[in-house]
Amino acid sequence: MSQYFDDLETRSADQRAAEQLQALNGQLEKYGLASLPDLAALVGLPVLRKSDLGARQKAQPPFGSLPVSNVAHYFQSPGPIYEPGGISRDWWRSGRAMYAAGIRANDIVQNCFSYHLTPAGMMFETGARAIGCAVLPAGTGQTELQAQAAHDIGCTAYTGTPDYLKIILDKAEEMGLPLGFSKAAVGGGALFPTLRQEYADRGIQCLQGYGTADLGSIAYESPAMEGMIVDEGVIVEIVTPGTGDPVAPGEVGEVVVTTLNPDYALIRFATGDLSAVLPGASPCGRTNMRIKGWMGRADQTTKIKGMFVRPEQVAALVAKHTEIAKARVIAGRDGEMDTMTVQIEAAGGDAAVYAKSVSEVLKLKGQIEIVAPGSLPNDGKVIEDTRTYD
């Protein structure tokens, strides 16, 4: 039995780029856009943000003006934002992440993602079907019943949020029911090292994936557990928050994803999440790009002195002065008053000139600190709120 879900996972870089470019240009054709000469040219297209998607859907429900086909399910996420669902094999590509977590055709999967309105339950249901597993569509809640069913049916694999598996295990232990879980593919929350270790101590290999309702699977862990491997059905870029401009290799930035799903074309969709690219390929033999996983939120919009300061404004400040490499706005408190400090990473420069630009672009006055190149943290933050409200 192969350790890989399919041959796509071990493609050469050249083969992957050529095949993804062909699929991408097929997506662009649906938008009436010209073909691109290579994947690098994708950066010239505009970024689509969730707020833009919501506005489009409100004007033209349910999916706005985006090209959508073969809709089998309609889902609603908070916002509300509507997502289509299809029934073709592994439509959300969750099977690849589940397979990497060790789930195989002889497993019985207890799927504890919600089947109500949002697509998470169906995302992992179709992934399990692609592998050939039987599924207990458990959803959320009713832990005592879940523990009993897991025992009676003999479930061997779990899919759901990282912490809910522990709740089921503890309840089963309390009820005196031995369970047969040996593998888990989790998502929708942080898998803390202590919790992963607790599962390992109970004989369960637990690996996590990263995805969204709009995009499906984006990246997933393999047993090598060195970052997350980008899914074969998407193109991932890491950009400076508030822009569509790629960050330098290894820098933290916002995750922007283009899907190659022919039924639902999302081009340069901004997730609002932060991550960074890991160099090299995974020791597990999968050859696609790796990212560090979820590293926080890119939407750092903060109200200072009654005014919102947005990442796009910080990006505009940097663009205004070619000698500025980075800038970071720090919201603080002095007594009962808000303060704003703008740290500017540059080799010199005139603080008075920068102060004038800050006032013009951010619409607020603040203290300017010029710091040496390379001294600002590589954490993707362009706005930091240090205020406490205790």
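Trainee: Are Phe-75 and Trp-92 buried or exposed?

Mentor: Please keep in mind that this is a predicted model. Both Phe-75 and Trp-92 are buried.

Trainee: How is a pair of aromatic rings described?

Mentor: One gives the distance of the centres and the angle of the planes. The centres of the Phe-75 and Trp-92 rings are 5.9 Å apart and their planes stand at 70 degrees, so this pair is edge-to-face. Phe-75 belongs to strand β1, while Trp-92 lies in the loop between β2 and α3, and the pair thus links distant parts of the chain, 17 residues apart. Together with Trp-91, these two residues form a cluster through ring pairs.

Trainee: How many aromatic pairs does the structure hold?

Mentor: There are six aromatic pairs. One of them, formed by Phe-63 and Tyr-74, is stacked, with 5.5 Å from centre to centre and 5 degrees between the planes. Phe-63 is in the loop between α2 and β1 and Tyr-74 is in strand β1, so the pair ties together parts eleven residues apart in sequence. Phe-63 counts as buried because its relative accessibility is 7%, whereas Tyr-74 is exposed, with a relative accessible area of 57%.

Trainee: Where do nonpolar side chains tend to be in soluble globular proteins?

Mentor: They tend to be buried together. Here, the largest nonpolar core has 40 residues, and Met-98, Ile-103 and Val-236 touch the most other members. Among the elements that each supply at least two residues of this core are α3, α4 and β10. Helix α4 gives the most, with six residues.

Trainee: Which residues is Val-236 in contact with, leaving aside its neighbours within four places in sequence?

Mentor: Val-236 is in contact with Ile-218, Val-230, Val-255, Val-256, Val-257 and Met-289.

Trainee: Let us turn to the backbone. Which residues does a cis peptide bond join, with omega about 0 degrees?

Mentor: That bond joins Pro-61 and Pro-62; Pro-62 lies in the loop between α2 and β1. Another cis peptide bond joins Gly-79 and Pro-80, with omega about -5 degrees. Pro-80 is placed in the loop between β1 and β2.

Trainee: Which residue has a positive phi of about 50 degrees although it is not a glycine?

Mentor: The residue is Asp-90, in the loop between β2 and α3. Asp-90 counts as buried because its relative accessibility is 9%. Lys-363, also other than glycine, has a positive phi near 65 degrees. Lys-363 counts as exposed because its relative accessibility is 54%.

Conventions:
Residues are numbered from 1 along each chain as its sequence is written. This is a predicted model: local features need pLDDT of at least 70, side-chain atom pairs count only at pLDDT 80 or more; totals for chains, interfaces and linings use all residues. Side-chain values use heavy atoms; hydrogens and water are left out. A nonpolar core is a set of buried Ala, Val, Leu, Ile, Met, Phe, Trp, Tyr and Cys residues joined through side-chain atoms within 4.5 Å. Buried means under 20% relative accessible area, exposed over 50%, partly exposed in between (1.4 Å probe, protein chains only). Helices (H or I, at least four residues) and strands (E, at least two) are DSSP runs, numbered from the N terminus. Contact means heavy atoms within 4.5 Å. Rings of Phe, Tyr and Trp (its six-membered ring) pair if their centres lie within 6.5 Å; planes under 30 degrees apart count as stacked, over 60 as edge-to-face and the rest as tilted.
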